[in-house]
Amino acid sequence: MNTVRTRFAPSPTGIMHIGNVRAALMNYLFAQQYHGTFVLRIEDTDQQRNIADGTRFILKHLSWLGLTPQEGPEIGGPFGPYFQSQRAAIYSKHLQVLQEKKLAYQCFCTPEELEARRNRQIAMKKPPRYEGTCLKLSATEIEQKMTAKAPFIWRMKVDSTKKISFQDMARGTLEFDLQHFSDFPLTREDGTFTFIFANCIDDCEMKMSHVFRGEEHLSNTVSQIVLYQALEYKLPMFWHLPVLCNQDGKKLSKRDKGFSLEDVQAQGYLPEAICNYLGILGASFENEIMSLTQLAAVYKFTSLHGASQIKYDIEKLKWMNHKWIAGYDLTKLVQLCKPFLAQQYDIAKTSDQTLAVLIKSIQTDMQTLADCATLLKFYFERPAVNVAAFTEIADAVVFDQIKTILHQNINDEWEPFIAAVKQQSKAAGIQDKILFSTIRIFITGSPKGMQLHDLFVCLGSKEFFERIRSL
Ligand code: GLU
């Protein structure tokens, strides 16, 4: 049986940051490469941060990206439920084991007391740490507090005399001295379980072989190793993914606008390009343009390097998006461009067939899908007469000659129109190239662009000649 199991464990807060996408992607690629299982688990224990449709968003986003889990909510699997909010009984059982081993204790310190102590430690230039106050309570004191119904949490006892170590795929063996770590909370005052506890128990119970997550979780990992050892679970292999930074080296935070998946999607990036870009980030490949399948096949998980930061380069993403759009299936591209066009124009009367001709003509010019609205503006809105564009290609006399020829030959049919216009222009000594560029300026405002016949077909003869007549 294949034992590689990876997971993506987001909280349903409604925002999928680009860093979360990268974590999901790496877990997905690794599972694919080793023919393992990619699991989705919803970490919804913090009710205040959850939004009602959070899980639906996550499933929708993952499916859009092509990162489909094999186990998870709505999919099922042997290690469910896949919502932390439905796993309280599992956490309670493990808490009980820790209680029996005398490794968990009740803490009655109020948030105000903790805050005051923390401030005092900071003022004394000491690292803020729980001082083990409630560990010193006698059985009678605990009983009294319980009788008085004093609120409490369960804390994990951390043996500060010990050191722990674990494997990180990029950095090798990491060792930490537990004297720098506090006795950490396992539960909240309302009886729910903390992230550190629930997340670790789930990884154990769901038999995760590998845990890939953002570097910001490194200190959580240390606390969780204490739990793994206390509960005698085998450690998974960790990979703490480098933090994504902007060009100035500043960490991209969840609050930064423009870096949620929804923002990037709205800016017109293809899922293939997003995964491709996030997949090659921080590694090097001969051919950088790769599908998920190709990435899964060639990614070298065995030679990761331990950088703690990598730059998120929007220009590179744009370049990759451009490459992906240029090679995209036209029929699919038309459907993807439609919402961007519909944001600005009434596209109801434009057939898919016409859109396909229009989009094909700009396919290699688009960097993002949103560009189609600018590049096809000429089609939906009659362009203003671009006198400057004319003067760049011919002098005013030639322009007037062409205008007269065009006006004399207006015809519902393309062939007779273009044949007559070509013949008369030739007689007047006007080169075809100048003729065609001038017609294009009449129709689109620009000398370059679509084939004239395509323009005629897309716009229809009525609109085509109205644009010529209006000059
Ligand atoms: N819910 C955590 C987060 O979204 C999960 C971290 C992990 O992958 O362990 O940051």
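Predicted model: local features only at pLDDT ≥ 70, side-chain atom pairs only at ≥ 80, totals over all residues.
Q: Where do Phe-30 and Phe-212 sit in the chain?
A: Phe-30 is in helix 1 (residues 18–33) and Phe-212 is in strand 7 (residues 210–214), so the pair links distant parts of the chain, 182 residues apart.

Q: Are those two buried or exposed?
A: Phe-30 is buried, and Phe-212 is buried as well.

Q: OK, and what about Trp-414 and Phe-464?
A: Trp-414 and Phe-464 also form an edge-to-face pair, at 6.1 Å centre to centre with 85 degrees between the planes. Because Trp-414 lies in helix 18 (residues 414–427) and Phe-464 in helix 20 (residues 452–469), the pair ties together parts that are 50 residues apart in sequence.

Q: Why does Trp-414 count as buried?
A: Trp-414 has a relative accessibility of 12%, and buried means under 20%. Phe-464 is buried too, with a relative accessible area of 0%.

Q: Which residues form the aromatic cluster?
A: One cluster is formed by Phe-30, Tyr-34, Phe-212, Trp-239, Phe-285, Tyr-299 and Phe-301.

Q: Switching to the surface, which residues form the negative patch?
A: A negative surface patch is made up of Glu-112, Glu-113, Glu-115, Glu-189 and Asp-190. Among them, Glu-189 lies in the loop between strand 6 (172–177) and helix 6 (195–205).

Q: And what is the relative accessible area of Glu-189?
A: The value for Glu-189 is 44%, so Glu-189 is partly exposed.

Key: Residues numbered from 1 in each chain as written. Heavy atoms only, no water. Patch = residues over 30% accessible without salt bridge, like charges linked within 9 Å, V, L, I, M, F, W, Y side chains within 5 Å. Areas by Shrake-Rupley, 256 points an atom, 1.4 Å probe, with all protein chains shown as cover. Salt bridge = Lys/Arg side-chain N within 4 Å of Asp/Glu carboxyl O. Lys, Arg positive; Asp, Glu negative; His and termini not counted. Charge placed at Lys NZ, Arg CZ, Asp CG, Glu CD. Helix = DSSP H or I, 4+ residues; strand = E, 2+ residues; numbered from the N terminus. Buried < 20%, exposed > 50% of the residue type's maximum accessible area, 1.4 Å probe, protein only. Phe/Tyr/Trp six-rings, centres within 6.5 Å; stacked < 30°, edge-to-face > 60°.
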